[in-house]
Amino acid sequence: MFKLLKPLTLTSLFLFIAFISFAQRGTVTGLLIDVETNEPIIGATVSSSSSDGGGFSNEDGQFTANFKVGFQIITIDYIGLIRKEIQNVKVEDGAVTDIGTIMMESKLKDAVKGGVVVRIKKSTTTESAVIAQMKNAVSLIDITGSQAMSRAGDGNAAAAAQRVTGVSVEGGKYIFIRGLGDRYTKTVLNNMELPGLDPDRNTIQMDIFPTNLIDNIMVVKSFTPNLSGDFTGGWIDVKTKDFQAKEIFEISGSMGFNPVMHLNSNYLNYNSSKLDFLAFGAKSRSLPFTVMQIPSSLWATDGSEAQRLAKSFNTTMATEQKTSLLNSSFTLSYGNQKDTNRTTWGYNIAFGYSNEYNYYDKAIYETYLKSSDRSENQLKLASVNNGSLGENEVLWSALANGSYKKGKKSVSTTLFHTQNGIKKSSFLDFKNIDNPFGDAGAKLEKNVLYYNERMLTSLLLKYTYGDSDSTWKITTKLSPSRSSNNEPDMRVTALSPDENGYRFNIGAGSEVSRIYRSLQEYAVNAKVDFERTFTLKDKVKTKVLFGAANSIKSRGFGVVKYTFQSPTYANMNFTGDPNQIFEEYLFNDEANDGFYVTGGPVKANYFDAWMNVSGGYVMNEMPIMNERLNLIYGVRIEKADMYYTGSNTQNISYINQKVLNEVNVLPSLNICYKISPEVNLRMAGTKTIARPSFKEKSLAQIIDPISGRTFIGNLDLKQTEVINFDIRYEWYMNRGEIFSLGTFYKNFINPIEIVVYKPETPTNFTPRNATSAQMYGIEMELKKSLQHYSEFLKNYFIATNLSYIFSEVTMTTQEITGKTNELREGQIIGDTRVMQGQSPYIINGSINYDGKDNGISMNVSYNVQGPKLAIVGIGRVADVYTESFHSLNIKLSTSLGLKKKAKLSLAVTNLLADDNLQVYKSFQAQDQVFTQLQPQRTFKLGFSYSIK
Amino acid sequence: MKNKLKTLTLIILSAGVTLISGCTEEKPIIDNPPVEGTIYHSGFISENQTWTASSIHVLQNRVIVQPGVTLKIEPGTIIKGEAGQEANASALIIARGAKINAQGTIDNPIIFTSVADEIALGQKFGTNLSTTKTKGFWGGLIILGDAPISPKTGTTEQIEGVPADVIEGNYGGSNPADNSGVLTYVSIRFGGTLIGEGNEINGLTLGGVGSGTKIDHIEVIGTLDDGIEFFGGSVNVTNALVAFQGDDGFDVDQAYTGILSNFIYLGGADSDHALEIDGPEGSENSEGAFIFRNGSLMGNAKIGEYVDFRSNAQGTVENCYFFGFNANADIELDDEKSSTNFINGELSFNNNSFNSSVWSLDSEGNPDGNITILSNLKSLFADKSGTSSSSAVDKFLSSNNTLVTAKANGADKNEFVGWTLADYEELLTEL
């Protein structure tokens, strides 16, 4: 009889609760736990010998089933697990019988001996749990859990996320979903919006979340009205660790060794602050005086002040060779739960620290241009900027959360902080071979010292009312957060080598400068969600969800540059050591000569902006056709207002000027059709939007001395509207297994592309609305245990996914003109091109071995992303593509000790020793290097120990 | 329950406020206090305007005369630029289609200088700033026109330091006879501030300026970058003096096709090339060739070179007199195309004379106070194109260039007497 009952979606798991009202019937409740993984079992069938009534376990593993009065044999079934029969369960009229926790075992495994913890929360980390979550979701989602992250040895969220179908990562930081970047992809923390960290982007950089604090990363690919409407590629929810049902206390540590980068005496560093190892290096590098204008004439009008100011700076300007240490990392986590009669307390703290060294002894940065002779197809080398680069990155994060639950009410709070410091020291030989964007023939020796401190603090407060039995469920969330990205005191010294040593040659580009850039963001998000469950006449449950959200976000940005110059350089004998300038040749009032400081803030390079988005929604989950078809439909209304304070270089100022005011109605329809208990067919049709960022819709003309680019805002910019369609076939074969095949189509109206302002200004960028863009693609995922195929393969599990994406965007007239001007003979360009940053294909594959008896496990993982357009070429600048990086990693680990509390692991990353390569591509021309870095192989030895 | 919710909300809100406070940031102080009796200029000039000599005029930042508008500057007017870099750089820009009418006289030259210069109304010279050392105290004078240029791509270009959306920063076109007005007896002092990474404003920048423009009697002293830079265009310039600049004296780019005649160059302690000549950058208007004639060029004892021909240079340098350079200075052909152009005559260097006395340098490249007498011309010439160089040297030697012991040709310095700072500082005596 239970064959007639189909495992249902999460939303209809409460189906039989209301049977209580029938006479001569009673209720049986219980909790189902997988003995092996300690996870709740979701969607198991509960039936009885009386062949009447039954139920399913919900997402917490709990079930409530309704049966005839009497002694019943309760049968519990779940694919892949041994059927459990509980004899002589007494069902009383109108009463509830709790049969407690039922442990279930895998069919393929010997029974596990006792000692199992029974109180348990829903797990969200293991492979089987994340797949169960995907199966029961109302929309199209993909998840990767912490188990997968630790198996592959991924260190941060960016690395972990790229294991998800259709996800690619740019520059190790920025997530692209289905080829769509930050404009179309939204990253949230525990379902709440975050402030950003990058002056050029809306999104948060994903590399600042270490995986040891993450439970799972969920990527929602089809919009539902309870999410904010400004995502198209995906909504990435980073879920931080929650407390565990049992007491846990774990510590781990690792050391990483890269034979090329580590213990290398050529490693480049610079004399720096004592707090760098805690990623608090910005303060010691702050500007020695209040930001102010220092006129270049100060030395002539007030020499003593000029001397004082010049001497106030830190004197280190040179890179120094110093032996690099090994990579190291350390994590700690503790969590527990306390139950009293009716209340539950849970808490969790976690901390992670890592310190890594990278050294690139042959970093290549080259500029090629199309020939001025249009009959010549080959690109010409214009300038080279090659050398070596030392990089030290410190990342630490701390997380604390606590939760209190009493009856149907629960309150929880999470405080998260992450702190990151990156120190880069580079020594570069620049040569202008024949570049009209500079002084032909110029040679420079550059020492560049850079420090970047990023941080994010986020607090989440959550109140929930209601549980799985309630007709009403209310969730209120409030989350203030703050982020900052400081780049204090970027020190550049460029001297021109010549026959007699070194010169300060202005024409060749000699410079001594100190640049300070900072970004501060604040966000406060508030949300309330209501969920009302109705029982229809055929006992089908339907849910109505409605709620409101408000999000305020503000951003302050500024960059200031100070330059050092001397009235004359005639009496200086430069040795090439940049420190000499600050030790020997600083401005001296008496001699009335030497390097003085000049420059200061430019109004146009500062802005403050803020935005308020209010939203409200209503949606309904409606199971029809005998609950085989679940319709999730609804609408969200969002009102967005954006305000800008700043001026342009023509001295036109905006003070808290409203630049964007939009109201959007965003409908959504998700359909899930259960072809069989194991097979879902999903379809979705939604409308979403993409708003311009603060500086995009503004009068900004910001010159960024770090990138050398000028950003020009566009007040006429319209927001982008996107129509999304998705179809996906999902087959959940066994527990933890899935095969899915999907296709999608997106149509963009007024897509925003960052393009060169006009062909003659290749370093001036502006956002423009292209008339249209569209993309479509297919995605496939397979996660499968090989245990059914042979005894030898029983402990092997494979996981693979691939995406193939096609995109095209109409080019703006400026871009077409700029490209047409420099067409080579026989070359034709249309009026479309691929979207920037989009990989045409993404392939992931991994094989995992889990020796359950010997405690040994092994994971081999591979990731590759097809070449993607990084820089859109215009005029004589050719397109730059990021070439595929074939990432092959292997990780071996073994449990130690009698109780297997300790674990030792060895991982090798970048086994193929592939390079990070970006190349120029042009019509019938050989590809030429734009940048090339060689990360080499890294060997990592790790140890972890579970104290509790 | 209701009360609990209320308390909770309050706690949450106060936490939010705590996180948000600390949002105070120091705002930059930018503006200088105004001085009485001074007229301040900033931004766009959109109607005809006259700047009179009765006030000091201060350029607060980029002042742009818009197309169709004429800016008249009376003889004897003093214009001072404020200090500032990048977008704060003070400069007077005559946009394509706009005109400047700045006709000074010997007695009342028009002077562009820095606000730090204490020169007062009615004076021709300030005394508080060092003539030989001061540079980069403000921006410069930029004139843009509609004459053909050969930029990197297409036929127009945006002047450095002006964002692309400011259309007034665009220059170059198709009218060789374009008229940007008149500029005579104008002295531009101590400019050349930084406007971007590795970019400084020149003393006088001429971008695509047409031959209908009249430019003569120009002095550029102490600019941080180049003295006068021609970006294409066809304007003729006569009686021009450049001294003590931080980079090159006269600089040619983007296939300038005009004539510079009767010019003087005085190399400073930080000057690079007296003449720096680049060729066309792109495929449009790439035939253009310049002529430099009748120049007197005095080098520096320590540093600086005669001429650098590079990037497909094409044009003529003739009847010039070079003296006072150091022993290491040379005339250089930097690239293969320039070398080829030189051999086949598209680039010509003829009838020039060199004083055989040059300053000798010690092993570290510093002047030792002695004089070396050059025995032949060959040592002055350096073909660094990497091609077989004998034919280029032969061409140089057969182009009627000579070693002399006294001034034989060059500029007539009398055109610079009475109105230039160089004359006032008695720097023209050796010419």
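How many helices and strands does the secondary structure of chain A come to? I went through this predicted model to find out, and chain A comes to seven helices and 49 strands.

**Chain A overall**

I looked up the radius of gyration next. For chain A it is 30 Å, close to the 30 Å that the globule rule gives for 948 residues, so the chain is as compact as a globular protein of that length. I also noted the span of the C-alpha trace along its principal axes, about 105 × 60 × 55 Å. As for burial, 54% of the 948 residues of chain A count as buried. Then I checked contacts between residues at least 6 apart in the sequence of chain A: 70% of them join residues at least 24 apart.

**A four-stranded sheet**

I picked out one open sheet in chain A, with four strands in the order β3-β2-β5-β6 and antiparallel pairing. Its edge strands are β3 (55-56) and β6 (84-91), each of which pairs on one side only. Strand β2 (residues 45-48) of chain A runs antiparallel to β3(A), and two bridges join them. Looking across that pair, I found A:Val46 opposite A:Gly55 of β3(A).

**Where A meets B**

I counted 69 residues of chain A in contact with 66 residues of chain B. On the chain A side, the elements that give two or more residues include α4 (298-301), β22 (443-465), β23 (472-498), β25 (511-535) and β26 (541-565). I sorted the residues of this side by type and got 26 nonpolar, 33 polar and 10 charged.

**Cores**

Which residues have the most contacts inside the largest nonpolar core? That core has 159 residues, and my list reads A:Phe595, A:Tyr596, B:Val65, B:Ile93, B:Tyr265 and B:Ala422. I followed up A:Phe595, leaving aside its neighbours within four places in sequence: among its contacts are A:Ala310, A:Val512, A:Phe564, A:Ile581, A:Tyr585, A:Leu586 and A:Phe587. There is also a second, separate core of 146 residues, which includes A:Ile76, A:Leu227, A:Leu519 and A:Ile874.

**Helix α2 of chain B**

Last stop was α2 of chain B, residues 336-344. I wrote down B:Lys337, B:Ser338, B:Ser339, B:Asn341 and B:Phe342 as buried. What do the buried residues of α2(B) pack against? I found β23 (305-310), β26 (331-333), β27 (347-350), β31 (381-383) and α3 (390-397), which belong to chain B. After α2(B) comes B:Gly345, with a positive phi near 95 degrees.

How values were computed
Residues numbered from 1 in each chain as written. Chains lettered and ligands numbered in written order. Predicted model: local features only at pLDDT ≥ 70, side-chain atom pairs only at ≥ 80, totals over all residues. Buried ≥ 20, exposed ≤ 12 C-beta atoms within 10 Å, placed from the backbone. Contact = placed C-beta atoms within 7 Å. Nonpolar A, V, L, I, M, F, W, Y, C, P; charged D, E, K, R; others polar. Core = buried A, V, L, I, M, F, W, Y, C linked by C-beta atoms within 7 Å. Pairing = 2+ DSSP bridges. Rg over C-alpha atoms; globule rule 2.2 N^0.38 Å.
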